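Student: I would like to learn how to read a model of this kind step by step. Could you take me through it, giving the general idea and then the case at hand?

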Amino acid sequence: MLLDHFFRTKRPSGLSEALRCELASVADYERRMLETVDRPVVDYCRGGAASEQTVAHNRTAFDRLRIRPRCLQRIGGSRSLTVTSLGISYRLPIGIAPMALQRLAHPEGEKATASAARTFGVPFVLSVLSSVSIEELAEAVPRAPKWFQLYIFKDRELTECLVRRAEKARFRALVVCVDTPIPGLSRAERRSPLVLPPKVTCANFVPGGGDAAGKKSCSASVLDYVRSQLDPGLGWDAVRWLMSITTLPVVVKGILNRNDALIAADIGVHGLIVSNSGGRQLDCAPAAIEVLPEIVHAVGSRMEVMLDSGVSQGTDVFKALALGARMVFVGRAAMYGLAVNGQRGVEEVLDIIKTELESTMLNAGCGTLADLAPEHVCHETEVLYHPALERLRSSWRMESIRSDRYRSRVRRRHEEAVDIEAEVRDACEESEARADGTTERVTFQQRSVDDAIAAVQSCPESQGPHPSAPTLTNLPPPPPPPPYRNVPLQLNVPRGIYRTNTNNLSRCNETAATGCPLEGNSRTARTGVSRKDGAARRLRAQSLQNLCSPESANCNR
Ligand SMILES: Cc1cc2nc3c(=O)[nH]c(=O)nc-3n(C[C@H](O)[C@H](O)[C@H](O)COP(=O)(O)O)c2cc1C
């Protein structure tokens, strides 16, 4: 009954085509899940530790990375996404992360998720806190590529027993979670505690679910018992111990620090998963994707570095793989699919992510996983604060300031008595501020882009390949700009763009004679001044200017 209450009747038995069309992304599945299961289960699936900053941060950290495509890469016909991990070949570089108590989301629980993983040829990691036991799962989905996640409990006998059961059930790897010295603090759970329905329990710890392990506890508070077995006193020797009792490859999950990664490599673990457990353990931890590059840099050549936390779309997978992850795991994304439509839902979620990954790869110029490289990803700040752009910006700022000065002088000229002497003085000062001998002003775009490229080429960072500007530095020198008089005057130019253009001046003359349709023209037709003949040219420009001024008798506006 209680189980029915949790799996409310809202769950569709099979998704209609129309409904499936609405589910085009993992976010759609998340929204749909809200209507499918009860609030405490929603909180259990979506929630994180304490203020849930890490949960949010996992998302924003991915969003702040930009994908920098390469073009015309001669992408061949082979589009395989196959990856080899821990000696086994998988069809996708995506796995399903361990998640406890999946029968809360769907009656089939872990069996459905593992079946979906088998369909897609990806690894499924069974949580030690699963609601389907090791043996039950192995029997139900014998051919799914299965890994087993465990904690090293206070009771080592219990831990060893679980390892033996996983080995016997032909699991392919052990994933030891090291970021959980105590259970995560969930505020949502504190507000509305999750009451497990009788049929949903930690199946590995109840009689019938196993042998010695089951005898340790069969009370209703199995979960509490398992939680009490978490050991904050563990050290790296415990991982060494685990490796000593099994022949299965050991993967350490929950690494966020390069020093820990180095220790893991030193003691010879086979792989690690850079993870903050989806923000469910330490609030305010860094996003996994943020620390991935430093960890890959530290130990990537010595072991397989994988990642989970925050992966919910193909672009996330692309970014993680480009930054050096061998494989990524999805947690909540799979759980949402499971809650909405069981095995089918998980398959659809995997299909969405796979399709998005393929599309991202092709659009970024990558035909195979081997083509993905760090050059394809950069942080948004690298784009926004690149030295070349800084030059561009400062150039723009200066032009704007000059432009404002110019405009305010024009206003004054029309509103107050014009002090020609002061104007001439101003013009001279302005021309002094420019490089000596400059008699013409070029457009903002031309000058600042040339400056920026020159700056990048001369700055020391650009001597070697600059990670964020490889193409800019490799560019041949830009061709000389076209002769100045050939550049047509732009009417809707941004503030600060003026130039000498006799054609336009004469056009302005013509329009002035017939009635000036565009006052803006007059603003752009300004003559530059040099130190020598600044005053004279300035005066000439001003008289032309006045022809088109609003006060001009020809401009009836
Ligand atoms: C509902 C739920 C239960 C989880 N249970 C476990 C668990 O039993 N053991 C474990 O190591 N990680 C557990 N995790 C963490 C996942 O393995 C994984 O690190 C995390 O979900 C990845 O982040 P993502 O959900 O943003 O993809 C759980 C995550 C969720 C969402």
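**Reading the core and the helices**

Tutor: Let us begin with contacts, keeping in mind that this is a predicted model. Leaving aside residues up to four places away in sequence, V274 touches I255, L256, A288, V291, L292, I295, V305 and L307.

Student: Which residues have the most contacts inside the largest nonpolar core?

Tutor: A core is read as a set of buried nonpolar residues joined through their C-beta atoms. Here the largest one has 123 residues, and those with the most contacts inside it are L174, V176, L272, V274 and L292. The helix α16 gives the most to this core, with 14 residues.

Student: Why is α16 described as largely enclosed by the rest of the structure?

Tutor: One counts the buried residues, a residue being buried if 20 or more other C-beta atoms lie within 10 Å of its own. In α16, 23 of the 32 residues are buried, so this helix is largely enclosed by the rest of the structure.

Student: What span does α16 have between its end C-alpha atoms, and where does the helix bend?

Tutor: The general idea is to set the span against that of a straight helix, which for 32 residues would be 46 Å at 1.5 Å a residue, whereas α16 spans only 27 Å between its end C-alpha atoms. The helix also bends by about 140° at N341, and just after α16 comes G365, with a positive phi of about 90°.

Student: How many residues of α15 are buried, and what follows that helix?

Tutor: Helix α15, residues 314-322, is mostly covered, with nine of its nine residues buried; among them are D316, F318 and K319. The helix is followed by G324, whose phi is positive, near 115°.

Student: Which residues come nearest to the ligand, and which elements contribute to the shell around it?

Tutor: Of the 25 residues around the ligand, A97, S127, G278, G331 and R332 come nearest. The elements that give two or more residues to this shell are α4 (39-46) and α16 (332-363), and α16 gives the most, with three residues. By type, the shell divides into 12 nonpolar, nine polar and four charged residues.

Terms used: Residues numbered from 1 in each chain as written. Predicted model: local features only at pLDDT ≥ 70, side-chain atom pairs only at ≥ 80, totals over all residues. Near = placed C-beta within 6 Å. Helix = DSSP H or I, 4+ residues; strand = E, 2+ residues; numbered from the N terminus. Nonpolar A, V, L, I, M, F, W, Y, C, P; charged D, E, K, R; others polar. Buried ≥ 20, exposed ≤ 12 C-beta atoms within 10 Å, placed from the backbone. Core = buried A, V, L, I, M, F, W, Y, C linked by C-beta atoms within 7 Å. Contact = placed C-beta atoms within 7 Å. Expected span 1.5 Å × (residues − 1). Bend = angle between axes of the 7 residues up to and from the residue.
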